[in-house]
Amino acid sequence: MNRRAYLASVGTVASVGLAGCSSVLGVFEDDPCGGDGCDIGMTRNEFVPEEYEVRVGETVVWKNTSGADHTVTALENTLPEGAAYFATGDYEDERTARDAWHEYRGGRLGTRETYEHTFEVPGTYDYICEPHIRGGMVGTIIVTE
C-alpha cells in the first residue's frame, strides 16, 4: 500500500468515527438543555428527564434538542380533574392533537423549537410524543402545591 492511500484510508476512518460520535453523544447527555432555557429536552426517542416536578403555577418548557420532529401530547385520561389539556399546536383535546399529527404533522415541534405550559392544578400529568410513542417516548409531570 502506498503512503497516500494509507493516509487517505486512515483519515476517512477517523472522520467517520468522529461523525458517529457527535450524533450518539446526545443520547447519553444527562441534561440535553444544557442550561439553554428549557426544563425538558427531547432526544431521538425520549424526554430528558422522563419525570419532572414543579409547583402549582410554574411553567414547564420543553425543547426539541434532537434532529427529529416531536410532539408533546397530554394523555387526557390521566389529567387531574379540572386541569387544562395541553399539546404542541395548542389543540383542545387528545384526539384532535393525535389526528392533526397523522393528517398533516400538526403540533410538530422542529429542531431547537420550544413549547411551554403552565400547570395550575396539582397532580400527575402523563404525556407522549405522538410520532415516537412506539419507541417509548413518554413523560410525566408531577405538580405539587
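Predicted model: local features only at pLDDT ≥ 70, side-chain atom pairs only at ≥ 80, totals over all residues.
Are Cys 33 and Cys 38 buried or exposed? Both residues are buried.

**The disulfide**

Cys 33 and Cys 38 are joined by a disulfide, with 1.8 Å from S to S. A disulfide is a covalent bond between the sulfur atoms of two cysteines. The torsion about the S-S bond of Cys 33 and Cys 38 is about -115°, so this disulfide is left-handed. A search of the whole structure finds one disulfide. Another cysteine, Cys 129, is buried too, with a relative accessible area of 0%.

**The chain as a whole**

The chain has two helices and eight strands. Along the sequence they follow the pattern α-β-β-β-β-β-α-β-β-β. Some totals for the chain:

| Property | Value |
|---|---|
| Buried share of the 145 residues | 39% |
| Share of contacts with a separation of 6 or more that join residues 24 or more positions apart | 62% |
| Accessible surface | about 8,500 Å² |
| Share of that surface belonging to carbon and sulfur atoms | 49% |

**The sheet**

Four strands form an open sheet in the order E3-E8-E7-E5. Their pairing is mixed. Strands E3 (51-55) and E5 (73-74) stand at the edges. Each has a single partner strand, so one side of each is left without a neighbour in the sheet. Strands of a sheet pair through backbone hydrogen bonds, either parallel or antiparallel.

How many bridges join E3 to E8? There are five, and the two strands run parallel. E8 covers residues 138-144. Within this pairing, Glu 51 stands opposite Thr 140 in E8.

Key:
Residues numbered from 1 in each chain as written. Heavy atoms only, no water. Pairing = 2+ DSSP bridges. Buried < 20%, exposed > 50% of the residue type's maximum accessible area, 1.4 Å probe, protein only. Contact = heavy atoms within 4.5 Å. Areas by Shrake-Rupley, 256 points an atom, 1.4 Å probe, with all protein chains shown as cover. Disulfide = S-S within 2.5 Å.
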